[in-house]
Amino acid sequence: MTTGRRHAVSFVEQFLGAEAARGGPCALLGLPPDGFSDLDIISARDRRMQAIDAHPQGQSPASDEVRLALHAATAQLLNPAIRSHLRRGQSSSARAAAMVGLEQDVILTLAMFGGWTRKSLPRLMALAHSRGLRASDVAETLRHMSTRRRNTSAAQGASPDDAFPSRSAVSRNHWSIVIGLVAILMIVGTVWTVLVVTGDRALVKDTGTQSALMDAAPPSQPGLLPTDGDAASAKPQTTTVPRMVVERDAILDTLLHAVSIAESDLDGAHQSAVAATEALSADWLELPAPVRTRAMDAIVELMYRLGGPTGDARALLNTVGRGSIVLRSRRGTFDQEEVERAVWSIGALTRIRRERDLSAQSHALIDRWLGASLDGSRPAQLSFAGGALACLQSIMDGLATQPDERGSAWTGWARAAAAVTASDAERRVSLLSRGAERLLVQSIDPEARNDMYEAIEAVIRAMPWRNNDDSKRWMVRQFDNRNVPASSLSAATRTLVAATDADNIDPTMVLSASANDLDRRSLRDQYLLAWGLESPGSDIAILDALTNATGQLDAELKSVRDSNDALGIAVSYARISAAASAHWQGDAVAANLILSNYAVQPGASPNGSGADMGSESQDGRWGEQFLLAGVNTEERMRLLAQLRSSTRRQLGSVDAEVLVEAALRGGGRAVRDAARDIVELFGSSPAIVNALLEESPRMAPTPMISELIVSVTGQPLPDWTNPEWRLAVRRALVERLLELIAADSIVAGVDELARLLDEAYDQRTSSALSMTDSGDVIVASAERSVRELRARWTRAAQRGIPAAGFALTINEVARRLEGRRSLAVGMVQEFAVEQLALAETMAVVVVSEQSSHRAAVETVLEDLSQSRRDASHIFYQIAAAERAMAKLWEIRLGVNGL
């Protein structure tokens with residue numbers, strides 16, 4: 001069974017259950033083997049569709065694959081011939097039924113596209129894929145139809161009554177044929193939509209697939225099925241459509257050639273651009289950096305030239321984004337090639353997104369791909385490096401925990417990281433150290449030892465060691481990092497000694513895989529001496545600072561009366577936990593740095609006074625002058641230039657309405673273009689967004705207006721020809737206006753505290769906090785970080801030995817989590833549920849590590865339960881959970897003699 005078929009079966013089981021995935025269209029639709037009508041088939045399909053829509057992953061790409069399978073199963077059962085095959089129960093009935101349906105697909109496809117055309121071939125392949133057939137099956141179907149046509153032509157002695165069906169037969173089969181045709185057309189539309197929107201090459205096979213189909217004797221005349229004569233004449237000289245292959249050394253020249261011929265030969269430019277881009281995504285790490293930069297610039301230029309008034313750059317954009325498909329599909333295992341392609345794809349998409357003059361539809365598609373690939377995060381910079389770095393950070397945790405091929409995946413990750421950060425050693429150390437620690441904290445499975453060692457070696461070798469103290473400080477800290485097992489640290493030191501250019505080290509400085517804490521400290525001191533580094537800070541000073549900070553926050557939490565202040569105290573507790581985590585990982589510098597600035601001052605959130613609609617004293621003056629200018633284009637352009645060069649960044653409601661009216665309907669194209677540029681400049685002004693909202697019922701649906709709305713709101717819109725375009729415009733403007741108004745209201749204080757909580761949780765999930773940061777590290781949301789932390793602590797709990805007499809177990813925590821999740825409503829409650837599960841999981845780990853402190857841990861959990869019951873606001877519950885986790889860290893670190 002192929003990988004694609006395995007994925008399809010797993011998706012069906014995920015959305016519809018194991019019974020639906022056992023095989024056959026009846027099982028897929030939930031119908032009995034026999035005794036159902038056409039109405040039963042349609043009703044069963046609708047029930048399955050509703051079940052998918054209600055599923056939590058109902059909007060994912062996987063759900064679309066299951067919907068496509070449902071449509072295909074419906075079409076098969078609505079066809080009387082296919083249903084008879086299934087009813088006979090032959091061993092090959094499923095495949096035979098699919099082959100019968102494919103014959104009808106061939107006829108319909110050729111009829112729809114006028115024979116063998118550029119569009120009919122991909123459409124037919126997509127339909128075959130939806131039925132679970134391969135290219136060879138398509139070729140077999142064509143040969144069978146050709147043979148049957150010849151035999152039918154040869155049977156000239158047949159009577160007219162045998163050659164044509166009776167009127168009664170036509171009457172009996174009329175509605176079955178109509179329903180079957182409608183169902184097949186629905187499949188065609190669904191497959192083609194998925195093909196165009198996602199650009200997923202899983203629906204259209206590669207060169208070998210196309211060749212296999214073309215080898216099946218394509219017809220000599222459009223609109224006619226192939227005959228035996230055609231097939232015989234085609235065999236000696238096989239007709240294929242070979243895909244253009246670009247060698248590595250010719251990638252840049254091919255792209256530049258495509259740029260030069262784009263105006264004179266659009267099809268040739270398309271073919272060259274797509275082929276060269278495909279080669280570039282596979283071999284970009286083998287090319288020099290200047291060549292990669294010039295190639296990326298050429299692709300951007302081709303996006304404009306191929307997407308001009310008479311062109312379409314979707315094929316090129318799909319090729320650029322093809323490498324990100326593995327990230328969007330949420331697969332659990334990647335190999336080296338997939339990782340390298342994904343990094344290039346995300347980097348290239350981010351670079352293209354920077355181009356403001358591309359269509360709103362291209363921007364919307366890129367935003368959707370980036371959001372799905374990066375799990376909702378956004379690159380810090382709209383550049384190739386910014387996108388590539390975002391991808392490298394986003395996939396670290398998944399690569400560290402994938403079940404197999406870790407060595408291959410991390411080899412590609414390390415190579416890509418080294419290439420993207422080649423000119424910035426600090427950035428390289430920061431990124432590679434984060435990835436290395438994700439690997440080192442994983443326990444090494446004896447069955448996957450070699451794979452894990454290969455992954456650790458790839459990352460350690462990529463780090464710069466000679467004349468780089470940041471790398472050396474990070475390495476020294478790992479000896480004190482109690483999350484890193486001795487076996488992983490042994491693999492890291494072995495690679496460091498044998499495969500890097502680190503200075504002043506020798507083969508005796510390799511840690512034993514069975515080393516104890518004393519051995520680790522002793523070897524750490526040898527590295528400190530060899531590299532001339534300072535000894536880590538005092539443990540006693542850090543523990544005293546933790547105790548003082550926790551005691552101060554306990555007193556503040558008892559007297560707090562405002563829910564926002566309670567959330568601020570929760571952030572302070574979260575910072576203390578981050579400092580404790582850094583100390584546990586051996587990063588005394590980061591622990592001291594966090595503890596020196598852990599407190600969030602009560603009432604420090606900004607005071608809102610409503611949206612600033614501009615100065616009342618100035619509002620209307622510019623608008624009055626602009627209206628008085630009448631049809632004087634020169635005067636209007638002067639006033640627009642004056643407004644653009646002013647220091648104002650907020651407009652009043654009157655001036656905003658005049659400016660927006662000029663941008664939408666101003667006399668003369670020059671005036672409209674200039675006004676649109678200023679609207680984008682002042683796009684963060686609530687008055688501008690409100691003026692656009694008032695004009696939305698009168699807006700003309702044009703590409704330029706659509707791009708203006710996308711620029712102001714930052715939200716993708718449907719195509720401007722879509723009937724839902726106006727509704728989407730109003731929705732985007734309303735949401736943007738509410739955001740801007742909330743930014744200047746009391747809600748802004750909560751938003752700021754939420755941002756600080758994101759940072760605190762990100763610190764708890766990160767390593768090497770004391771290193772210089774380049775500013776392009778993505779800060780994950782607290783909701784995402786708390787799930788990651790809970791997964792880490794869960795793995796630690798599964799490795800530990802449950803403490804005798806402690807009622808709470810990791811299975812009980814999971815059971816409670818599921819129950820609370822079913823009751824949670826909204827993002828805040830969902831975070832609180834995950835946070836509480838994290839606190840309980842920490843309690844299980846701490847008791848398993850230090851069973852003598854079971855009573856202290858039980859007291860912490862009892863206080864947490866009582867505080868949650870007494871809380872009058874969910875922010876108090878969040879603060880109570882953060883306090884409990886800080887107390888658990890004190891127990892784990894041995895504060896106050898615990």
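This is a predicted model: local features need pLDDT of at least 70, side-chain atom pairs count only at pLDDT 80 or more; totals for chains, interfaces and linings use all residues.
The largest nonpolar core holds 99 residues, of which Trp-284, Trp-413 and Trp-531 touch the most other members. Apart from it lies another core, of 74 residues, including Ala-570 and Leu-817. Beyond its neighbours up to four places away in sequence, Trp-284 touches Arg-292, Glu-340, Val-343, Trp-344, Phe-384, Ala-416, Ala-419 and Val-420.

Arg-292 is also one of the buried residues of helix α15, together with others including Ala-295, Ile-299 and Leu-306. Helix α15 spans residues 289-306 and reaches 25 Å from its first C-alpha to its last, close to the 26 Å expected. The cover over its buried residues includes the helices tabulated here.

| Helix covering α15 | Residues |
|---|---|
| α13 | 251-261 |
| α14 | 266-283 |
| α16 | 314-321 |
| α18 | 336-353 |
| α20 | 384-394 |
| α22 | 406-420 |

The model contains eight aromatic pairs. One of them, Tyr-761 with Phe-831, is edge-to-face, at 5.6 Å centre to centre and 80 degrees between the planes. This pair links helix α38 (residues 747-765) to helix α41 (residues 826-849), its members being 70 residues apart. Tyr-761 counts as buried because its relative accessibility is 0%, and Phe-831 counts as buried because its value is 4%. Elsewhere, ring pairs link Trp-465, Phe-479, Tyr-527 and Trp-531 into a cluster.

Tyr-453 has Arg-494 over its face, at 5.5 Å from the ring centre. Tyr-453 is also touched by Ser-487, as are Ile-444 and Ala-513. Ser-487 belongs to helix α26 (residues 486-499) and lies 9.9 Å from Arg-449, C-alpha to C-alpha, across 38 residues of sequence.

How values were computed
Residues are numbered from 1 along each chain as its sequence is written. Side-chain values use heavy atoms; hydrogens and water are left out. Helices (H or I, at least four residues) and strands (E, at least two) are DSSP runs, numbered from the N terminus. Contact means heavy atoms within 4.5 Å. A nonpolar core is a set of buried Ala, Val, Leu, Ile, Met, Phe, Trp, Tyr and Cys residues joined through side-chain atoms within 4.5 Å. Buried means under 20% relative accessible area, exposed over 50%, partly exposed in between (1.4 Å probe, protein chains only). The expected span of a helix is 1.5 Å times one less than its number of residues. Rings of Phe, Tyr and Trp (its six-membered ring) pair if their centres lie within 6.5 Å; planes under 30 degrees apart count as stacked, over 60 as edge-to-face and the rest as tilted. A charge sits over a ring if NZ of Lys or CZ of Arg is within 6 Å of the ring centre and within 35 degrees of the ring normal.
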